[in-house]
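Here is a friendly walk through one protein model, written for someone who likes to know how each term is set. Please have a look at the sequence and the structure first.

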Amino acid sequence: MTNVWYVSYGSNISTARFDCYVRGGTPAGGRYRYGGCRDRTPPVRQRPVFIDGGIYFAKHSLTWGGGIAFLDPAVPGRVAARAWLITLEQFADVCAQEMRAEIGTVQVPLNELRDKGSHAYGPGHYETLLHAGDLEGRMMLTFTAPERITPETAPTQAYVDTIADGLQETHGWSSEEARRYLDAARPHPGIAEPVQRE
């Protein structure tokens, strides 16, 4: 069975948050229930990593109510992330959940990703896969938007807190270090108010 490293740089850096993608559930502070992967086995391993680029917040999340994190690989810098060692099928199912596609419909073209470095399923939020390098002989894969999104959008406090918790878990940062890192990703500091729905 093929394993790959899924590199998370947004809320999935948090163990509790990523577990909603693997086993299903609603993240704390969120309002969307995820169905989970076909294979609900926990990740084999996890590791702190840094990848090239920068993060920014844009669009509007159905789960959180504010901007969501995207990777811009063209920006000079390093992004603090977490690499989850999971099966290729699990990674495909995580992609499907991010794309709001039916589980089992997403195929991951490993050869194309190795040769070209990216693969675009479509123009959606997280429909562009990226090969972020190799770790211990296995591919590191992540996803982002096909190009930088404007205008940028302030995230909600619950979303920022989830990423900050994950950074502390993964990299051993203090809460202040995590806040400074996330503040640097927001050109206009601020927190979005969550939208209340009936």
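## Ground rules

This is a predicted model, in which local features need pLDDT of at least 70 and side-chain atom pairs count only at pLDDT 80 or more, while totals for chains, interfaces and linings use all residues. Residues are numbered from 1 along each chain as its sequence is written, and side-chain values use heavy atoms, with hydrogens and water left out.

## Overall fold

The protein chain has five helices and eight strands (DSSP runs numbered from the N terminus: H or I of at least four residues for helices, E of at least two for strands). Read from the N terminus, the order of elements is β-α-β-β-β-β-α-α-β-β-β-α-α.

For 198 residues, a compact globule would have a radius of gyration near 16 Å, and the protein chain agrees, with 16 Å. That radius is taken over C-alpha atoms, and the globule rule is 2.2 Å times the number of residues to the power 0.38. Along the principal axes, the C-alpha atoms fill a box of roughly 45 × 40 × 35 Å.

## A helix pair

H1 and H2 pack at an angle of about 95°, and their axes are 9 Å apart (axes are lines fitted to C-alpha atoms over the stretch in contact, and angles run from 0 to 180 degrees between N-to-C directions). H1 is therefore roughly perpendicular to H2, a label used for angles of 65 to 115 degrees.

Phe18, Cys20, Tyr21 and Val22 of H1 meet Gln90, Val94, Gln97 and Glu98 of H2, where contact means heavy atoms within 4.5 Å. These residues divide into five nonpolar, two polar and one charged (Ala, Val, Leu, Ile, Met, Phe, Trp, Tyr, Cys and Pro are nonpolar; Asp, Glu, Lys and Arg are charged; the others, Gly among them, are polar).

## The largest pocket

The largest pocket has a volume of about 370 Å³, counted as the space filled by probe spheres set on grid points joined across faces, edges and corners. A pocket here is an open set of points on a 1 Å grid over the protein atoms alone, where a 1.4 Å probe fits, with protein on both sides within 12 Å along at least five of seven lines; lining residues have an atom within 4 Å of a point.

Its lining has 27 residues, with Tyr21, Ile68, Glu98, Arg100 and Tyr126 nearest the centre. S1 gives the largest share, three residues. By class, the lining holds 13 nonpolar, 10 polar and four charged residues.

## Local features

The peptide bond from Thr150 to Pro151 is cis, with omega near -5°, and Pro151 sits in the loop between S8 and H4. Lys59, in the loop between S3 and S4, has a positive phi of about 65° although it is not a glycine.

Note on methods. Angles under 35 degrees count as roughly parallel, over 145 as roughly antiparallel, 65 to 115 as roughly perpendicular and the rest as oblique.
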